Amino acid sequence: MCLAIPGKIVSISGVDELMRVGRVNFGGIVKEASLAFVPHARVSDYVIVHAGFALNTVDEDEARKIFNYLAKMEDLTELKE
Amino acid sequence: MKFLDEYRDARAAQKLAREIHRITTRSWKIMEVCGGQTHAIVKFGIDELLPSQIELIHGPGCPVCVTPLEIIDKALKIAALPNVIFTSFGDMLRVPGSSADLLSIKAQGHDVRIVYSPLDAVKIALQNPSKQVVFFGVGFETTAPATALAIFRASQLGLTNFSMLISHVLVPPAIETLMSSPDCRVQAFLAAGHVCTVMGFEEYFPLAARFHVPIVVTGFEPLDILHGILMTVTQLESGRAEVENQYARAVRRQGNRPAQELIHKVFKVVPRKWRGLGEIAQSGLGLSDAYAHFDAEIRFGVATHVVREPKECIAGTILQGLKRPAECPAFGKLCTPEHPLGATMVSSEGACAAYYRYRPFAAKPEVVA
Amino acid sequence: MKTLDPKVNLACPLPRSQYPAILMAHGGGGRLTHRLIEDLFGKAFCNPILDTRHDSAQFTVPSRRLAMTTDSYVVQPLFFPGGDIGSMAVYGTVNDIAMSGARPLYLSCGFIIQEGTLMETLKQVVLSMRNAAAACGVQIITGDTKVVETREKPELFINTSGIGVIESDLAIGPANVRPGDIVLLSGDVGRHGMAIMAAREGLQFDSMIESDSNAVHEPILKLIAAGLEIHCLRDLTRGGLAAALNEISESANVRISIEEKLIPVREDVHAACEMLGMDPLHVANEGRFIAFIPRQEAAKALHLLQQHPVSAGSTVIGEVSETLPPMVTLKSAIGTNRILDMPSGEQLPRIC
């Protein structure tokens, strides 16, 4: 079960943890998402949102790792089709 | 979109593919569990980039596909009742039951609405106190926190006009069932990334050890899938069988604790029938006793009945990775996305639907105008 | 809000109606029908041909080939960011005429109105049609009104037909598509469908995606006036770019190859599609077209198209190849190839 996309938290409202809601910017589209399951999330964090719910914050250091790995890889000959 | 578009970079994909080629010395069969991964593999042609020794087998990770016909028929019965507003994710609307689908029920004038979030269904219940609002709760563990919070909220609000028809399924029991089958050829798994965002990946360690299969938690973009395959093949080539996390930017080992707590509060583990696979013990979620009064099956008294699948449909063998869509005699002829016979053609993520849409096959019929 | 030709008078010419909503009697052919025609349609669409109030419109056209089209508009909601059913009906009809390389001249419009539709709603739609017609330089010269019983809620449907004159000798149509032809796309895709999706399904986005509903005949007439050879044109509507390409591939019996990275999609449309699990290539458009141009003229055609506001975002997206069997192939963002199939049925949002 799959379709969850990353967005940046623009603002947060709601006091009760389970009713905490954020306005999240997905590439220019701003939509509300429940932050009930990410109590540690703050404005400017990126979150992964599925069916209107943030399931986790994006770990930006981990996100970079694959690109660091790719940068270190040797250039091999072009993949022949 | 940040954290999405950069994982579709062509040069990076080619680099990962080249590395996979470099390290592959033998044939390997890898199953990707999640329908979203199947969709990405076929849509982006990821398997075209792989060496021919690597076979990707498409697993049963499509909750829409594995929802039993009986439950869809129950949904149709409830949706056709007067005074009911039936709400669902868009995915389920075109899934045919024994004779109709939710879209045709809607066309007959019944109140069937697509919602983006289960909380929207709760809002609809608040706005329509004289109607019964039912939500079709389908999904893997990824969606369970959302449906759990909807039930919890409805309970807090004391709503008597909200209920849920539940068909949640759990991934690890399905993997165990597949691996226990004597016909199983799968040698490694790409675990479903977003399922693990919620549940973590502790449950996979005993499976990896017991069946000696690498299990790599993998994301959904092309670079994620290629990277996950690279990590998997690296393990296979060196005889290791460990659990690794490719999708570390979104998945922590312990998963999402607040989400798990709410799931355990609102739901309990129950046996579930998987379309194409049969009943698997302890493989689904149903409402816990404290919340059982929100169960739409009980509220509307929809009786269970036996439904026979079309005899031409071999979805079960496809979901287990034993056959490919093109090997089905009905593929592209009797069975198409417009009139699907079974589970795997029904949702755009099912293996048959994905292949029909994106792959040239000799079996593909002329395009119908 | 689109910028209108300053010649268009935005002041409302219509008298106030004493009926706040449409009744069955408005379609009965009697006094109320007569008043509706005189006070609303007649005043809004006012032109000498319509003013004859005859059963059929009589008009003269130069003795050339004509192009004719018909279409029906059933969009919900009636008013959406970037347009409404009225303007969409006019632009859509004009666009279909333009796809034959014809200059659009006259439209008919038939209304099927459910009883209970607010008169004010009908007025807004009619005014929008008047303004759209004026902006396109076309006249609405005949029409019809029927009133039917309401189903769930009052709705309004519009049927149109359109006539245009083909001023050149060009034969434009799928039969003229040739291997080697370049495929041009007139701008970014997916706006209309996502605007409707957001408005209709209650999937509210805080920032608005506007429909691209617009008339595209002018840049096409410019191409023709410049003496360029055009093999085929197709406007993108339901089913999006994928449907249009597949229709032509099948009619013309050719293989069309396009590249995903060449297809412009605005960031907000891309984001909305990702959120709802939809493919922008399958999403409806209302102000975009594809053109099949012989290779040696493609650069010039592209330059001309880019000079006009409605096709300023024009770009090359692919070509027609020699290979068979006919199909549409797409080179994906990561460089692999797959079939771009006809979308099946209504595009629904998904979470799976």
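Me: How many cavities of 30 Å³ or more does the structure hold?

Reply: A cavity is a set of points on a 1 Å grid, laid over the protein atoms alone, where a 1.4 Å probe fits but cannot get out. Grid points are joined across faces, edges and corners, and a volume is the space filled by probe spheres set on the points. By that reading the structure holds six cavities of 30 Å³ or more. This is a predicted model, in which local features need pLDDT of at least 70 and side-chain atom pairs count only at pLDDT 80 or more, while totals for chains, interfaces and linings use all residues. Residues are numbered from 1 along each chain as its sequence is written, chains are lettered from A and ligands numbered from 1 in the order in which they are written, and side-chain values use heavy atoms, with hydrogens and water left out.

Me: What volume has the largest cavity, and which residues lie nearest its centre?

Reply: Lining residues have an atom within 4 Å of a point. The volume of the largest cavity is about 90 Å³. Its lining has 14 residues, and those nearest the centre are B:C313, B:I314, B:C328, B:C335 and B:C352.

Me: How do the lining residues of the largest cavity divide by class?

Reply: Ala, Val, Leu, Ile, Met, Phe, Trp, Tyr, Cys and Pro count as nonpolar, Asp, Glu, Lys and Arg as charged, and the others, Gly among them, as polar. Here the division is 11 nonpolar, two polar and one charged.

Me: Which strand gives the most to the lining of the second largest cavity?

Reply: Strand β2 (residues 54-61) of chain B, with four residues. The volume of this second largest cavity is about 70 Å³. Its lining includes B:E55, B:L56, B:I57 and B:H58, along with B:I318, B:G321 and B:K323. By class, the lining has five nonpolar, two polar and three charged residues.

Me: At what angle do helices α7 and α12 of chain B cross?

Reply: Two packed helices are described by the angle between their axes and the distance between the axes. The axes are lines fitted to C-alpha atoms, for helices over the stretch in contact, and angles run from 0 to 180 degrees between N-to-C directions. In chain B, the axes of α7 (residues 144-156) and α12 (residues 257-266) cross at roughly 55 degrees and come within 9 Å. That makes α7(B) oblique to α12(B). Angles under 35 degrees count as roughly parallel, over 145 as roughly antiparallel, 65 to 115 as roughly perpendicular and the rest as oblique.

Me: Is the crossing of α7(B) and α12(B) left-handed or right-handed?

Reply: A crossing is left-handed if the near helix is turned anticlockwise from the far one by less than a right angle, and right-handed if clockwise. For α7(B) and α12(B) the crossing is left-handed. Contact means heavy atoms within 4.5 Å; among the residues that make it are B:A144, B:P145 and B:F152 of α7(B), and B:L262 and B:V266 of α12(B). The contact residues divide into 10 nonpolar, no polar and one charged.

Me: At what angle does α6(B) pack with α7(B)?

Reply: Helix α6 (residues 118-127) of chain B packs with α7(B) at about 25 degrees, with the axes 8 Å apart. The two are therefore roughly parallel. Their crossing is right-handed. B:P118, B:L119 and B:V122 of α6(B) make the contact with residues of α7(B) that include B:L149 and B:R153.

Me: Where are the cis peptide bonds of C:P77 and C:P325 placed?

Reply: One cis bond joins C:Q76 and C:P77, with omega about 0 degrees; C:P77 sits in the loop between β1 (65-73) and β2 (79-80) of chain C. The bond from C:L324 to C:P325 is also cis, with omega near 0 degrees, and C:P325 lies in the loop between β11 (315-321) and β12 (328-331) of chain C.

Notes: On a 1 Å grid over the protein atoms alone, a cavity is a set of points where a 1.4 Å probe fits but cannot get out, and a pocket is an open set with protein on both sides within 12 Å along at least five of seven lines; lining residues have an atom within 4 Å of a point.
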